[in-house]
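Here is a short tour of a protein model, written to be read with the structure open beside you.

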Amino acid sequence: MSPDDRARSAVAAMTVDEKLRLIFGYSDQAVTEVSKVPDEVVSPELKAYVQSRAVKGSAGFVPGVPRLGIPDQTQTDASIGVRNSLIPSTALPSSLATAASFDPEVPRAGGAMIGAEARATGHNTMLAGGANLAREPRNGRNFEYTGEDPLLAGTMAGALIEGIQSNGIISTIKHYAVNDQESERTTLDVTISAEAMRQSDLLAFEIAIERGSPGSVMCSYNLINGRWSCENDYLLNTVLKRDWGFKGFVMSDWGAVHSTAAAANNGLDQFTGFCCVTDKPWFAPPQFKAALQSGAIPQSRLDNMAERILWALFAKGAVDNPTKPAPIDYAAHATVSQNAAEESLVMLKNDGGLLPLRGVKSIAVIGGNADKGVLAGGGSSDVTPVGEVIRINDRTFLPSAPLVELKRELPRARISFDAGMNPAAAASLAAAADVAIVFVTQYDSEGYDGSLELEGNQDALVAAVAKANPKTIVVVESGGAVFMPWAARVTSILEAFYPGIRGGSAIARILTGKVNPSGHLPISFPASSDQLAHPALAGLGLPGDAPTEVTYDEGAAIGYKWYDLKQFRPLFSFGHGLSYTRFAFSKLAADQDGNAIRVSFWIQNVGRRRGKDVAQVYVAPSDWKKSGWEAPKRLGAFAKTDLKPGETKRIELTIDARLLATYEAAGNKWHAKAGTYRLMLGDASDGQMQTAEVSLPDYAWSASKVIEP
Ligand code: BGC
């Protein structure tokens, strides 16, 4: 039987109480405290069940129905690995880092690895697949997401989900939707037009869902146009379930539920996180049952909620292939993480070819706790790493120290270290060495937004070192973009993001040339705060849960689109990334292909080292304003290619019709206007471009997969 039929017949065999078991989730805290809940809310039998079967230390638990072979849902965070204080796991680089690989194979392999660890530790659901756009560069969770462009973000998040689910478990794309800042995240009301949403944040989710087919979607804490995300009829029922034909279930972010009937009727399928132990009565079966009895929630809705949850469990393999504890090959998994980092770190600057380091006799390594490890982001994605657990000022450093790894790669060089507390002392160490490498770190976390200015004395530290040694390299470990007031004064800059459990090794191998860098920026780095779409963060500094509003009047003009629109020159552009070799493009050709565009071109490695380049095809109508575009150009397609010196390859790519169109709310249509479209090929959004043109006829089609055009 198909997953649809199996889900339907399972629902038909269930009692109301069994269906209700599936729709209320217990957080770890709730599991501990469920014994305090009155017996008429949770029966003694169910309390005992929850306490004996939940995986301690994990994000959540939803009881199954053993009589029918329906498994419990054991839920673990998050996108870089299994998060459980009691279970060590392998941390990938941050999702923003792996997006910088511009190669969906990287998150796919990473997802397969972390999903295997989830399964082996008894979890059949990962709360992984962050796909919010980096609309707000200060968003404290940008590191959990996949960048500022809908095509890139959707492709990379979709690939991670596909990899995770290849283990026969469910992955959850999150946080749906427009949850683009952390300040006042539980009360923020976002105003944005349907047109802008469909062309930006929602397009990223649409692409990720098409590619990754997640079993579940997590609705977010915020409100969108006055409606809580988890009871937002437009987002849940109209867009997700009708237009995109999503068959799985919507789970709330932990505690993001504000009602019973309104939530259920507007499309929430699983009330996750807090069953029965808070002062929120809607997190409990009796209130739901009363709403069924009064008719406030139709019985058919409860059936549909259960059916969607069951569909995901059947379709993704969680019923047929129950999880069971298994040994984990941590060494092999660390290699997957290291490979992800080596594909993802971005060389932003390299004047005079100082890198790779060759034949240097002495190096001063400075700052960033580079003697201890590499920084990781905070919040629900912060994993307990395999090996040493290093916490410095409440922050996790993963046990892969760049200093140790550099010494391993360069056994003959004299490598000294200064913690960077005192810029003058660091500068004198730097002055005595051939080369200085300064590590700077910027901590970001769920729950609050970051600053783009480096914390503490780090800007002064870099400036002092650069003054003392003309050969200064800066390695940046950050959640997202940071300002670099010293960028012009240093020779080389490597953006390492949060590089994961083998990050130190990846950094050392790139600096020394064992690995040729091939990451490109998935976000723009602003030059200064005047370039931001919103000078001040809405709600910043207000007490928690203060009603806050933000209007995203930049609409879909996010990241490089905003910079192009405003003619701002960022510090480093979206798509930028250097290599130790050079590449050349030629013979760009473009043809209409149905309602899409097909492009082909040749790429050659014209340097002396093997390397990988990221070909980026941007597209624009001849008059973008008249065509109603949000910005002068959009990324239409991309591909990463590995080339030996002198080697040439032909590449063919298709530009999705939605990237040529605007969304029209009246009629719920995508509409590509007739006219000439210009294709621009290069390896950065601001670089040299090959161009070609193609004419397209006027074409409009339904944005709904279930409604005929
Ligand atoms: C976060 C989610 C996470 C959940 C469970 C929430 O606070 O926003 O991303 O999956 O907690 O830990």
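## A pair of cysteines

Let's begin at one cysteine: Cys219 is buried, with a relative accessible area of 0%. Please keep in mind that this is a predicted model. The partner of Cys219 is Cys230, and the disulfide between them has an S to S distance of 2.1 Å. Cys230 is buried too, at a relative accessible area of 2%.

The torsion about the S-S bond of Cys219 and Cys230 is about 110°, so this disulfide is right-handed. Where do Cys219 and Cys230 lie? Cys219 belongs to strand 7 (residues 216-219), while Cys230 sits in the loop between strand 9 (227-228) and helix 10 (233-243), so the bond ties together parts that are 11 residues apart in sequence.

## The other disulfide

How many disulfides does the structure hold? There are two. A disulfide is a covalent bond between the sulfur atoms of two cysteines.

Are these cysteines buried or exposed? Cys275 has a relative accessible area of 0% and is buried. Cys276 has 11% relative accessibility and also counts as buried, because the cut-off for buried is under 20%. If you number the bonded cysteines of the protein chain in sequence order, the pairing reads 1-2, 3-4.

## The chain as a whole

Now let's step back to the overall fold. The protein chain contains 19 helices and 30 strands. Its radius of gyration is 25 Å, close to the 27 Å that the globule rule gives for 709 residues, so the chain is as compact as a globular protein of that length. Along the principal axes, the C-alpha atoms of the chain fill a box of roughly 75 × 60 × 50 Å.

How much of the chain is buried? Of its 709 residues, 64% count as buried. Contacts also reach across the sequence: among those between residues at least 6 apart, 77% join residues at least 24 apart.

## Surface and charge

The accessible surface of the protein chain amounts to about 24300 Å², and carbon and sulfur atoms account for 51% of it. On the charge side, the chain carries 68 positive and 77 negative side chains. The centres of these two sets lie 6 Å apart.

## Two residues to look up

Which residues is His175 in contact with, leaving aside its neighbours within four places in sequence? They are Asn132, Arg141, Tyr145, Phe205, Met218, Ser220 and Asp253.

Ile390 is the other one. It lies in strand 14 (residues 390-392), and at 8% relative accessibility Ile390 counts as buried. Setting aside neighbours within four places in sequence, Ile390 is in contact with Lys372, Arg395, Thr396, Phe397, Leu398 and Pro399. For a sense of scale, pick Ile390 together with Thr691: they are 301 residues apart along the chain, and their C-alpha atoms are separated by 50 Å.

Technical notes:
Residues are numbered from 1 along each chain as its sequence is written. This is a predicted model: local features need pLDDT of at least 70, side-chain atom pairs count only at pLDDT 80 or more; totals for chains, interfaces and linings use all residues. Side-chain values use heavy atoms; hydrogens and water are left out. Helices (H or I, at least four residues) and strands (E, at least two) are DSSP runs, numbered from the N terminus. The radius of gyration is taken over C-alpha atoms; the globule rule is 2.2 Å times the number of residues to the power 0.38. Buried means under 20% relative accessible area, exposed over 50%, partly exposed in between (1.4 Å probe, protein chains only). Contact means heavy atoms within 4.5 Å. Accessible areas come from the Shrake-Rupley method with a 1.4 Å probe; for residues, only the protein chains shown count as cover. Lys and Arg count as positive and Asp and Glu as negative; His and the chain ends are not counted. The place of a charge is taken as NZ of Lys, CZ of Arg, CG of Asp or CD of Glu. A disulfide is a pair of cysteine sulfur atoms within 2.5 Å.
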